[in-house]
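Subject: Handing over the structure

Hello,

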Amino acid sequence: MPDFQHSALIIVDVQNDFLPHGALAVPRGDEIIAQVNALSHLGFGAVIATQDWHPANHCSFAPQGGPWPEHCVAASSGADFPKSLDLSPISHIIHKGMAQNRDSYSAFFDNDRVTSTGLNALLSGLSINHVVICGLALDFCVAATAEDAMRCGFRTDIALEACRGINADQSALLQTLRSNGITLSD
Ligand SMILES: [Zn+2]
């Protein structure tokens, strides 16, 4: 059983644009929300939700030569949490991808690997030593967040039932995550 007082739940990018009919829909992404809501009420010492939060001309968008369609523009309805997500247990919100010229898959650091979102300091200040990560998309922002959580010294679990990925085959990714010391749970 986790030591909940020193454990945090990190809910990655459960936002309208990543759900079916959103601008960058993760297949079956909506299926996780009931599970995320259940996890968030287990009594974690902190429940942190991240939001992809981009300027309108962000470098990750196709018109700027980036790999993704425009999504999660700051304060747009696409960047909002879905109405079905229970916000009441969420203690902190971390925005990421706010710099025009850098993306941020991880909730800890921008993709330059240097610029911190402040999450590491936040968790350390709360005496958190263990994180459980869920959300969207498993093969991008959830995986990057888990890898950085390990690097920052947290015991790290991914709650797989509360994640969905963009790519259909996740088996190689899961093997890599496991070999890096990340616990994959239901
Ligand atoms: Zn993004």
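Below is a walk through the sheet, the helices and a few individual residues.

Two things before we start. This is a predicted model, in which local features need pLDDT of at least 70 and side-chain atom pairs count only at pLDDT 80 or more, while totals for chains, interfaces and linings use all residues. Residues are numbered from 1 along each chain as its sequence is written, and side-chain values use heavy atoms, with hydrogens and water left out.

The sheet

Helices (H or I, at least four residues) and strands (E, at least two) are DSSP runs, numbered from the N terminus. Six strands form an open sheet in the order β3-β2-β1-β4-β5-β6, with parallel pairing; two strands count as paired if DSSP finds at least two bridges between them. At the edges are β3 (92-96) and β6 (183-185), each of which pairs on one side only. From one strand to the next, the twist averages 25°. For this and later angles, axes are lines fitted to C-alpha atoms, for helices over the stretch in contact, and angles run from 0 to 180 degrees between N-to-C directions.

You can follow the sheet strand by strand. β2 (residues 46-52) and β3 are joined by five bridges, and T50 has I94 in β3 as its bridge partner. Between β1 (residues 7-12) and β2 there are four bridges in the parallel sense, with I11 opposite A49 in β2. To get from β1 to β2 the chain passes through helix α1 (residues 33-40), and this β-α-β crossover is right-handed. Right-handed here means that, with the strands pointing away from the viewer, the path from the first strand over the helix to the second runs clockwise.

Three bridges then link β5 to β6, where A159 has S185 as its partner.

How covered is strand β1? Six of its six residues are buried, meaning under 20% relative accessible area, where over 50% is exposed and in between is partly exposed (1.4 Å probe, protein chains only). In a regular strand the side chains alternate between the two faces of the sheet. In β1, S7, L9 and I11 point one way and A8, I10 and V12 the other way, all of them buried. β5 is also mostly covered, with seven of its ten residues buried.

The axes of α3 and α4 (residues 171-179) come within 11 Å and cross at roughly 5°. These two helices are therefore roughly parallel to each other, a label for angles under 35 degrees, with over 145 roughly antiparallel, 65 to 115 roughly perpendicular and the rest oblique. L138, D139, A143 and E147 in α3 are in contact with L173, L174, T176 and L177 in α4, where contact means heavy atoms within 4.5 Å. These contact residues divide into five nonpolar, one polar and two charged. The nonpolar class is Ala, Val, Leu, Ile, Met, Phe, Trp, Tyr, Cys and Pro, the charged class is Asp, Glu, Lys and Arg, and the others, Gly among them, are polar.

Residues in the loops

Y105 sits in the loop between β3 and α2 (119-125). At 22% relative accessibility, Y105 counts as partly exposed. Leaving out residues up to four places away in sequence, Y105 touches P67, W68, K96, N111, F140, C141, A144 and T145.

A137 lies in the loop between β4 and α3, and the peptide bond from L136 to A137 is cis, with omega near -20°.

R28, in the loop between β1 and α1, has a positive phi of about 60° although it is not a glycine. S127, in the loop between α2 and β4, also has a positive phi of about 60° without being a glycine; with a relative accessible area of 44%, S127 is partly exposed.

Best wishes
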